[in-house]
Amino acid sequence: MAILPPGVTATDFGKVLKEFEAAVGREWVITDPDDIHPYRDYFSMLKDQDDELVPSAAVCPASVEQVQAVVRIANRYKVPLYAISTGKNFAYGGPAPNLRGSVTVDLKRMNRVLEVDEKRHIALVEPGVSYMDMYRHLEEHKLKLMIDTADVGWGGLMGNTLDRGLGYTLGPYRDHVNASCGMEVVLPNGELMRTGMGALPNSGAWQDYRYGFGPDPSGLFAQGNFGIVVKMGFRLMPMPEHWRTGLITVPKRRDFLPLVDMVNYLTDLFVIGEPLYSSPLQPLLSDAAFRRAALDFNEAEMDRHAAASGRHSWQVELQFYGSEKTTLANWEWAQELIRRTVPDANCFAGDSLKMPVTQAQIDAAEHPYPAPYSSVMRRNVMHGVPKLYMWRSPGRTDDSPDTWNETHIGLFSVVGRSGEAVFKAQKDFQDVVRRTRPGAEYVSSLTPPLQWHQSAFFIGNSFFGTTTRNDNSPEGKIRQLRELRQVLKMNAEAGHGDYRAPPLLQDDVADQYSFNNHALRRFNETLKDAIDPNGILSPGRGGVWPKAHRSRRGALRK
Amino acid sequence: MPHVPAVLIVDERFDAARRLASLAAPGVPRVALPRDVFDLWHGRLEEVCRSGDRAIAGVTTERGFFLLQTLAAEYRLRVLSSSAHTGSLVSWVLGPG
């Protein structure tokens, strides 16, 4: 037993493990370091160091009653728990807990699809159901429903949702929290609670109406630590008859503003799915004169280079779900809308496919548009098809086999959904790079926003990237960690907050949201202390520390 | 080798992987690592791992190793051995501890 939960003696922890074994079965209490290994963050910046966020043990309950038993035992001995569904969220810490020595509650054995109603477009699942599982369930039962999947299909519907994961189809579905409807939760005292209509005994509308009556606490469980969610309802998108794409390009840098306005309009009328913005000017960065103009945000000069090269400055791929006729009418409407404000916009028809599409259609090598294209991965997820592609980011790459990136972190700032806000963020992020790495050259003026969420943009500072680079030595990783913390602080000073973070950086991101002397965090921690007085559930998750462990806030800052 | 692997997964894009594979586990059924592991995992490997008493082996890149190691861990398969080779390749065996 190499690691103990904080504040728990070896003797007591031995008793805890025995009681866990009695509750879930001996083979499902995991203490051997070789078996604990998968519960670490494979890409941690603190890997193999004394303060790496590793659990002391893992316990795998198979039922709600077993989860309740585990929670009650933990409460008696004040053992911190950290619950995971599939624990595959590797850009955000994977299965690693916020507090070293926590006991991981691995819910993978609870992996039943409890209900799918094809006519009401709803499902009820257990925590261990992955996107792959759900997709296969729909396929096997020939149900005309779609999932909105995470990038890698081994993610869990529930875990991704509780981390506020996002997707790629229509807005109400790709905001996974928004698509959830009804939860069953084991509270820190072991009691079972249902939210929404689930609180009404014998209700037949649990997955239809999420609110029920009175305050709805379901939001507390996303990026929170107020309970262990053991069932969750979802609204699923009905399989449309047809899918169509179209690409719109606009010639000048400032045309981005009316382009965003038009896309927002169609988005909020629920006419289009996730739009994909990009800039066709990326290849011009090899031209020193253009690069200089892009670095200086010299818009007139950038426009001059764009015109001279015959390229447009921005483009957006739109996707339409519906019937063949409605998707065509909506695509024609989108063209009409953009030409009202940008008369010299170009419009290219893309795919027009009967749904569900075949894998061969998804993999079709012939692209209907000018570059840059949607990736094959994106073409899959737009159709709710989960994949297990070998990752491009972490690890050695085929193109550069001697480059080994050992760390992998997703950091994306929330940006207002307007062209002006994107332009400001581009300048802010370039300024952050200039201040963090004096002398470094980073062109951010072509960085497009990501619209995973219906009503907000996300922008990653790609200089620091989702995969951090450079020095893989322990000291090098610590330097990268410090640098990222500095970046998060600077982002906040410019008004940009991150939407997700791995446990290692959650205190730093929580620090960004500091209005009125951290009134939000103080409110959350007041609730936490009332609901979880022993502070046993996921201490530190979302930056919320219970009184018992509050002194540990920021303790990992080196 | 305490556990004879039920299958040997080879990243056949690399000549070196094919060579290493033929040396490492002659006679073991060989399967090419596809770009997307979804069908291979659900169609073949998951069943092997679920059995709890069989090993799988491979010669892949680090990324392929990570992917399969993570999937196999769901069934408590451990890394029994792994060796890095030049050209980004790793030969490995996953099996019950």
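**Exercise 1. Into which residue classes does the lining of the second largest pocket divide, and which residues lie closest to its centre?**

*Solution.* Step 1: the residues of this lining divide into 15 nonpolar, nine polar and seven charged. The model to which these values refer is a predicted one.

Step 1: the space in the second largest pocket comes to about 790 Å³. Its lining consists of 31 residues, and those closest to the centre are Arg164(A), Ala222(A), Gln223(A), Tyr499(A) and Gly542(A).

Step 2: among the elements of chain A, α16 (503-512) and α17 (515-531) each supply at least two residues of this lining.

**Exercise 2. Determine how helices α1 and α3 of chain A pack, and which residues meet.**

*Solution.* Step 1: helix α1 (residues 10-24) of chain A packs with helix α3 (residues 64-77) of chain A at an angle of about 165 degrees, and their axes are 9 Å apart. Because angles over 145 degrees count as roughly antiparallel, α1(A) is roughly antiparallel to α3(A).

Step 1: the crossing in which α1(A) passes α3(A) is right-handed.

Step 2: on the α1(A) side, the residues in contact are Asp12(A), Lys15(A), Val16(A), Glu19(A), Phe20(A), Ala23(A) and Val24(A). On the α3(A) side, they are Gln66(A), Ala69(A), Val70(A), Ile73(A), Ala74(A), Arg76(A) and Tyr77(A). By class, the residues of the contact of α1(A) with α3(A) comprise nine nonpolar, one polar and four charged.

**Exercise 3. How many cavities of 30 Å³ or more does the whole structure hold, and what lines the largest cavity?**

Step 1: the largest cavity holds about 140 Å³ of space. It is lined by 14 residues, and Ile147(A), Asp148(A), Tyr173(A), Arg235(A) and Leu236(A) are those nearest its centre.

Step 2: the elements of chain A that give two or more residues to this lining are α5 (157-162), α7 (176-179) and β10 (228-235). Nine nonpolar, three polar and two charged residues make up the lining of the largest cavity.

**Exercise 4. Which helix gives the largest share of the lining of the second largest cavity?**

*Solution.* Step 1: about 90 Å³ of space lies in the second largest cavity. Among the 13 residues lining it, Leu411(A), Asn461(A), Val487(A), Asn491(A) and Asp498(A) are the closest to its centre.

Step 1: the largest share of this lining, four residues, is given by helix α15 (residues 474-493) of chain A.

Step 2: by class, the lining of the second largest cavity contains seven nonpolar, five polar and one charged residues.

How values were computed
Residues numbered from 1 in each chain as written. Chains lettered and ligands numbered in written order. Predicted model: local features only at pLDDT ≥ 70, side-chain atom pairs only at ≥ 80, totals over all residues. Heavy atoms only, no water. Axes fitted to C-alpha atoms, helices over the stretch in contact; angles between N-to-C directions. Parallel < 35°, antiparallel > 145°, perpendicular 65-115°, else oblique. Left-handed = near helix turned anticlockwise from the far one by under 90°. Contact = heavy atoms within 4.5 Å. Nonpolar A, V, L, I, M, F, W, Y, C, P; charged D, E, K, R; others polar. 1 Å grid on protein atoms, 1.4 Å probe; cavity = no way out; pocket = protein on both sides within 12 Å on 5 of 7 lines; lining within 4 Å. Points joined across faces, edges and corners; volume = space filled by probe spheres on them.
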